[in-house]
Amino acid sequence: MDYSNRILCGPMVRISSLPFRLLALEYGADIVFSEELIDYRLMQCVRVENNSLNTVDFVVPGEDRPMLQIHKTREKSCLVVQLGTADGQRALNAARLVENDAAGIDVNMGCPKKFSIQGGMGSALLNHPDKVKQILETLVNNLSIPVSCKIRCLPSLEATLSLVRTIATTGVHAITIHGRTRDERNNDECRETFIQSIVQQCPPNVVIVANGGSTKISSYSDIQNFRLRCGPAHGVMICQAAMWNPSVFRSNGSLPISDVAKRFLQICLEFDNHLPNIKYVLQRMYGDLDSENQFYEKMLSTETEAQIYTLFDMKNEYEQSPLEERRLWREKLRNQFIAKLDEESENNIIEKSAKYIRSDYTATLTPKSILTAYFIQTRKDKPIYHTEELKPQRIFRTVLEFDGQRYTTSTWEKSKQLAEQGSAIVCLQSLGVDLTRAKYGINYIKTCSSSENKV
């Protein structure tokens with residue numbers, strides 16, 4: 001895959017799903033990126049061939065929606081999967097999972113968000129050129145597809161050039177440069193002169209892609225002008241301007257948002273996209289335009305996919321789509337994974353997919369407190385929580401010991417509290433406790449415990 005003279009639709013969290021990527025390609029983007037996928041999360045996925053949609057789905061066992069969905073023919077040759085990582089070997093393990101289904105791998109070395117920085121990922125890597133080199137060389141030397149990275153400017157041009165020259169020695173195909181530092185935001189000017197100087201002075205073996213011009217881009221001609229001001233850069237990556245209106249990639253002019261939104265919804269029906277992602281993307285398209293508009297308020301108030309499609313005068317298209325067939329596919333997939341996870345592993349741990357959602361409980365009635373009430377009623381020993389922290393990502397996983405058995409979740413969590421609550425959910429589900437009923441009082445716990453004692 002060649003990055004030269006290409007226009008890229010960049011990685012955007014909760015935006016760059018399959019329907020959005022296909023929409024960008026339809027409108028003229030040459031290369032599309034997945035949203036950033038954290039390496040350890042991707043490594044938890046199982047690769048599933050979804051023949052009904054002609055996609056490859058990467059699914060965390062126990063979940064019925066894929067973390068990453070790739071179309072086998074419409075994007076495989078132009079899709080770059082972006083990884084968030086702080087370790088070369090872990091990045092390689094994650095990349096190998098998608099290597100045969102994507103056209104390239106990109107490493108996020110520019111994200112300024114707290115989560116990335118605390119985990120040693122994203123822009124935290126900018127100050128560690130040795131680690132940058134180790135990660136990229138590990139990927140370049142062991143993958144059969146091109147490797148690239150996305151960075152931000154360092155405070156000085158000299159420091160930025162030094163980092164670019166280091167990266168160029170690793171064998172990467174392209175470097176995308178966002179024209180702001182880690183501490184700068186979108187209301188700060190994009191450092192186009194930095195990118196221009198880097199293009200003029202960078203080694204000839206690497207493609208420089210300019211990024212960060214969205215605040216001045218609303219048309220295809222704006223994209224070309226940004227490219228020229230940056231060197232001209234070898235390529236351009238568009239993120240926010242594409243989020244606001246993906247038809248910005250059309251060389252013959254952008255389309256009205258209403259037309260773009262309806263086409264997005266059609267593709268969502270085609271690929272069984274789920275409501276939270278649909279609403280999030282539409283809100284970003286309409287937010288700046290219609291935040292005071294009654295239509296925008298109606299869109300925000302929708303609670304079902306049927307309501308969304310009715311609002312856009314697409315009720316018939318929605319009702320004629322194979323909804324039940326796809327629901328059964330998701331249910332079958334989920335049940336297959338649950339059956340596997342229910343089996344005890346060699347080290348006698350019951351592992352299931354479980355997620356503690358605070359809003360589902362009260363401050364005093366949580367999975368841990370429900371389990372406490374259960375062991376008191378059954379007169380068993382108190383459950384013991386063993387929590388492990390994985391550094392430098394600062395993620396947690398708990399193994400809970402109760403009544404001679406151990407329980408854990410299939411995924412890592414961002415805090416010790418979430419990990420412990422998740423393991424309590426696994427334990428309670430395995431004991432046959434209905435958490436929905438247990439949340440409403442101690443009488444149900446007493447019923448469960450009395451049944452346990454009779455057994």
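1. Start with Asp 39, which is buried, at a relative accessible area of 0%. In this predicted model, its side chain is paired with Arg 90 in a salt bridge, and the closest N and O atoms are 3.0 Å apart. Arg 90 counts as buried too, at 14% relative accessibility. The two residues come from distant parts of the chain, 51 residues apart: Asp 39 sits in helix H2 (residues 39-42) and Arg 90 in helix H3 (residues 88-98).

2. On to the other charged pairs. A search of the whole structure turns up 16 salt bridges. One of them joins Arg 191 and Glu 184, at 2.7 Å from N to O. Glu 184 is buried, with a relative accessible area of 16%, which puts Glu 184 under the 20% cut-off for that word.

3. Glu 351 is partly exposed, with a relative accessible area of 28%, whereas Asp 39 is buried.

4. There is also a network to pick out: salt bridges link Arg 47, Glu 49, Lys 72 and Asp 101.

5. Now for the nonpolar side of things. The largest nonpolar core has 111 residues. Among those with the most contacts inside this core are Leu 139, Ile 151, Ile 175 and Phe 249. Helix H10 (residues 257-270) supplies the largest share, eight residues. Another core, of 20 residues, lies apart from the largest one, and its members include Ala 354, Ile 370, Ile 425 and Cys 427.

6. Setting aside neighbours within four places in sequence, its contacts include Met 109, Gly 110 and Leu 126. Further along the chain, Ile 151 also touches Leu 163, Val 164 and Ile 167, as well as the run Ile 175, Thr 176, Ile 177 and His 178.

7. Leaving out neighbours within four places in sequence, Ala 242 is in contact with Cys 9, Phe 20, Val 248 and Phe 249. For a sense of scale, Ala 242 and Arg 394 are 152 residues apart along the chain, and their C-alpha atoms are separated by 32 Å.

8. How does the chain divide up? The domain assignment gives domain 1 (6-253) and domain 2 (347-439). Their C-alpha centres lie 36 Å apart. Twelve residues from domain 1 and eight residues from domain 2 take part in the contact.

9. Last, the interface itself. Its size is often given as the accessible area lost when the parts come together. Here domain 1 and domain 2 bury about 840 Å² between them, with 58% of it on carbon and sulfur atoms. How many salt bridges cross the interface of domain 1 and domain 2? The rule finds zero.

Terms used: Residues are numbered from 1 along each chain as its sequence is written. This is a predicted model: local features need pLDDT of at least 70, side-chain atom pairs count only at pLDDT 80 or more; totals for chains, interfaces and linings use all residues. Side-chain values use heavy atoms; hydrogens and water are left out. A nonpolar core is a set of buried Ala, Val, Leu, Ile, Met, Phe, Trp, Tyr and Cys residues joined through side-chain atoms within 4.5 Å. Buried means under 20% relative accessible area, exposed over 50%, partly exposed in between (1.4 Å probe, protein chains only). Helices (H or I, at least four residues) and strands (E, at least two) are DSSP runs, numbered from the N terminus. Contact means heavy atoms within 4.5 Å. Domain bounds come from an automatic or database domain assignment. Buried area is the accessible area (1.4 Å probe) that two parts lose on being put together, summed over both. A salt bridge is a side-chain nitrogen of Lys or Arg within 4 Å of a carboxyl oxygen of Asp or Glu.
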